[in-house]
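I opened my notebook to look up how the parts of this protein sit against each other. Come along and check each entry as we go.

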Amino acid sequence: MPASAAAARPRQASSVSSVLLRFGRVASMGTVTALILIAGVWASWGTAQHVLLTKGREQGTVEVTRCGGGTCSGPYSPVSAGSQARERVVLEDSVAVAKGRTYSVVLKPGSADAVRSGPAGVLYAWVPLGGALLLASVVVAGGLRRTRAGWVMAGAGVALLTAAFVAV
């Protein structure tokens, strides 16, 4: 066997293993990125569906009179046709809600739970996706070695979180 053929075998094996390792890295980091983004959309959609798909839902305003135990509540005044006034509806207590203020809301079907509506409500609903974009950007830039795509994702996440902060 010629010496050049023996030297070519380790080079081929090294090349094949390098390709397999690269494929494994891309596949695993791509899966992690997809899972992070899916989790962000899933966490956001629980609230965002009520804010974005308002057709047929009760819409109105809530004047927050009491906050405590992670929730705020107050009387509900309807704005949409078919909606009825209520003595008390419940909003999640967060930085987006303050006692003594009035907010436009959408009621969750079949309950007394309300979700903020309007631009502030839409942006606030998608905050989990903004966090997921920031987290996924690190995986894309480091694990997939796509720094530009990572910066774009991080920029989108920061823009979403900043817009939600300013709107709320």
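**Two domains and what lies between**

I started with distance: the C-alpha centres of domain 1 and domain 2 lie 28 Å apart. The domain assignment of the protein chain gives 29-50 + 121-167 as domain 1 and 60-117 as domain 2; such bounds come from an automatic or database domain assignment. I noted that this is a predicted model, where local features need pLDDT of at least 70 and side-chain atom pairs count only at pLDDT 80 or more, while totals for chains, interfaces and linings use all residues. Residues are numbered from 1 along each chain as its sequence is written, and side-chain values use heavy atoms, with hydrogens and water left out.

Next I looked up who touches whom. Four residues of domain 1 are in contact with nine residues of domain 2, contact being heavy atoms within 4.5 Å. Together the two domains bury about 570 Å², with 65% of it on carbon and sulfur atoms. Buried area here is the accessible area (1.4 Å probe) that two parts lose on being put together, summed over both. Of the area that domain 1 buries against domain 2, H50, G121 and Y124 supply 82%, more than any other three residues.

**Charges and a bridge**

How many salt bridges are there between domain 1 and domain 2? I found zero; the rule asks for a side-chain nitrogen of Lys or Arg within 4 Å of a carboxyl oxygen of Asp or Glu.

By this rule I did find one salt bridge in the model. E58 pairs with R86, and their closest N and O atoms are 3.2 Å apart. The two are 28 residues apart in the chain: E58 is in the loop between α1 and β1 (59-63), and R86 is in strand β4 (residues 86-92). Helices (H or I, at least four residues) and strands (E, at least two) are DSSP runs, numbered from the N terminus.

**A sulfur link**

My last entry is the one disulfide, a pair of cysteine sulfur atoms within 2.5 Å. C67 is joined to C72, S to S 2.0 Å. Their link is right-handed, with 110° about the S-S bond.
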